[in-house]
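Take a look at the fold first, and then we can walk through it together.

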Amino acid sequence: MKTIKGPSIHLAQFSDAREPFDNLASLANWARAQGFAAIQIPAWDQRLFDVRKAAESQAYCDEIAGILAARGLVVSELTTHLFGQLVAVHPAYDAMCDAFAPPELHGNAAARSQWAREQIELAAEASRRLGLGAMGTFSGSFLWPYFFPFPQRPEGLVETAFDELARRWRPILDLCDEQGVDLCFELHPAEDLHDGVTFEMLLERVGFHHRCRLLYDPSHFILQQLKYLDFIDIYHERIGMFHVKDAEFAPTGRQGAYGGYRPWIDRAGRFRSLGDGQVDFRSIFAKLAQYDFSGWATLEWECCLKDQQDGAREGAAFIRNHTIRVTEKIFDDFAGAPLSSAQANAMLGIS
């Protein structure tokens, strides 16, 4: 068995225009001071990382690695969630999603999607140069406005959407394979891939591509009331990344899973800092150790109550305290005895 690596921290929720969160070196200093061993870099955040330069220049990637090594850190993975979001966008979300792309592409859905696919491919090349084996992303969505089937969804609508989703992602998966990088989809509300069923729908359409994998985040399953421990039993062979994020679900007589358009702090389902929610992380870490997950345990902080720096500091300690350093021996080895084939036959009554 292998021991999970960590703690790592996803920088997307911490990067900011103010110090020390506005450049990679100072953010790395801060992350190390909180107790982290690695950082997960959002490839879209140009304050921290130039994805095109990283794809084209080994010297630049070595410089990034050197900045982190000087502070006792490494890169755990790159993430491409905002790029992935743009691979498939329903027109209802065009205006909001335009903000993720350069201004010259606003209002041009086809050009925006092509640009996003190119950015993901650049991130895969950059991952290879950085010596990374996995990369996180979102699937994008054609179908989310039709999530609840009323009026009744026209026959074939879902199949058409997933056929197109597979058509767009298959070449990206092939490019990731060329770079030796797993593409790990985070199953997330508002994405066409939001649970095991939808992941399987894409997986089948891309020919069970061995680079098509999962970013496991139990917080999204708490909000869906999906059995997140059973999920590991079912999909452990496909789990390539792990976001350690907590959540709670407290339905009332007024609201449940859908949230009733309430702000985060008033929703029945809401994300919490590590240890403040309902996720059974002791069982999660045990299952991942059982199934030989050897990737990084990465804090993703999202909480509507606690200060983010408190959440980061406490989260690093939380991950360390839950990581199982796997045993190298069997506990009852002391009682073992060598056995010859003749003795084995005799014990079994075999002549």
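How many strands make up the closed barrel, and in what order do they run? The closed barrel has eight strands, running β1-β2-β3-β4-β5-β6-β7-β10 with parallel pairing. This is a predicted model, in which local features need pLDDT of at least 70 and side-chain atom pairs pLDDT 80 or more, while totals for chains, interfaces and linings use all residues. Residues are numbered from 1 along each chain as its sequence is written, and side-chain values use heavy atoms, without hydrogens and water.

**Strand pairing**
- Strands β1 (residues 5-10) and β2 (residues 38-42) pair in parallel over three bridges (pairing takes at least two DSSP bridges; strands are DSSP E runs of at least two residues, helices H or I runs of at least four, numbered from the N terminus).
- His-10 has Gln-40 in β2 as its bridge partner.
- Four bridges join β4 (residues 134-137) to the parallel β5, with Ala-134 opposite Asp-182.

**Strand β5**
- Five of the five residues in β5 (residues 182-186) are buried (under 20% relative accessible area, 1.4 Å probe, protein chains only).
- Asp-182, Cys-184 and Glu-186 point one way from β5, and Leu-183 and Phe-185 the other way.

**Helices α7 and α8**
- The axes of α7 (residues 157-179) and α8 (residues 196-205) come within 9 Å and cross at roughly 60 degrees (axes are lines fitted to C-alpha atoms over the stretch in contact, with angles from 0 to 180 degrees between N-to-C directions).

Methods:
Buried < 20%, exposed > 50% of the residue type's maximum accessible area, 1.4 Å probe, protein only.
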